[in-house]
Amino acid sequence: MSTLAPSTLFSENTYRNATRMESDQMRTLDKTLCRHAFDDAVVATARLAAFSTSRSLKAIGHGGYYTISADLCKKDLLIAAISVRKLSEITSTSSALKNKSVRFLENKTQQKLASSISVWDLIGNIIHGVELEIIKDIGMFLFASTDPLRAMNSTDEIDAAVIIKSDKFDRRAFKLNDLISHINTYIEEANDEMAKHRIFLGSG
């Protein structure tokens, strides 16, 4: 019969239970699923960053490639959203995304609306959005409907902005770089969490 004090027994039992729970969590974290979600998120983020920050897409001339590049950006944005969300669910790190926010680009009619959105909610709206538009070419954005020739000849570009419409809100815009930055930070945080479970994927 144990002669330990009840408080000592309680502490030991608590420690054993916590250790057992931690061990169970480590066994249930699937390395293959982590690898797929992690790799997809990193590759999509890299492609988004290359598109968003470029300043000379039109330097090689006019052509269908320019429209296709924006379409590929939409595809990568969806892949990034889906893979980051999956990674957060696998590793139970969704709170890290909920604690980060992206500011909307406001116009005068939207000043009374929410000025920002959590990365978690924004990812959900990207996945379930009904409209997704990429703004990169200033000329096309400003003059496409009023001066098509000027729009076509414009070579001015900006860091990409995204206009999204979902069942939660009407058209709202945000800087793609803001979201990319948060996703990049989150990927490192998820990587640290996986390392606790002896899953070492790296981001290099």
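Which residues of helix 5 are buried, and how many residues does helix 5 give to the lining of the second largest pocket?

Modeller: This is a predicted model, in which local features need pLDDT of at least 70 and side-chain atom pairs count only at pLDDT 80 or more, whereas totals for chains, interfaces and linings use all residues. Residues are numbered from 1 along each chain as its sequence is written, and side-chain values use heavy atoms, with hydrogens and water left out.

The setting comes first. The secondary structure of the protein chain comes to eight helices and five strands, where helices (H or I, at least four residues) and strands (E, at least two) are DSSP runs numbered from the N terminus. Along the sequence the pattern reads α-α-α-α-β-β-α-β-α-α-β-β-α. Of the 204 residues of the protein chain, 37% count as buried; buried means under 20% relative accessible area, exposed over 50% and partly exposed in between, with a 1.4 Å probe and protein chains only. The mean pLDDT (the predictor's confidence in each residue, from 0 to 100) is 81 for the protein chain, and 70% of its residues reach 70 or more. Where pLDDT is low, the predicted coordinates should not be read in detail.

Now to helix 5 itself. Seven of the 10 residues of helix 5 are buried, so the rest of the structure largely encloses this helix. The buried residues are Val119, Trp120, Leu122, Ile123, Gly124, Asn125 and Ile126.

Helix 5 also takes part in the largest nonpolar core. Such a core is a set of buried Ala, Val, Leu, Ile, Met, Phe, Trp, Tyr and Cys residues joined through side-chain atoms within 4.5 Å. The largest one has 43 residues, and Ile126 is among those with the most contacts inside it, together with Leu77, Phe174, Leu176 and Leu179. Helix 5 (119-128) is one of the elements that each supply at least two residues of this core, and others include helix 3 (64-91), strand 3 (131-137) and helix 8 (176-196). Setting aside residues up to four places away in sequence, Leu77 touches Ile126 as well as Leu48, Leu132, Val162, Leu176 and Leu179, a contact being heavy atoms within 4.5 Å.

On a 1 Å grid over the protein atoms alone, a pocket is an open set of points where a 1.4 Å probe fits, with protein on both sides within 12 Å along at least five of seven lines; lining residues have an atom within 4 Å of a point. Helix 5 gives the most to its lining, with five residues. The lining consists of Arg85, Ile117, Trp120, Asp121, Gly124, Asn125, His128, Asp167, Lys168 and Phe169. These residues divide into three nonpolar, three polar and four charged, where Ala, Val, Leu, Ile, Met, Phe, Trp, Tyr, Cys and Pro count as nonpolar, Asp, Glu, Lys and Arg as charged, and the others, Gly among them, as polar.
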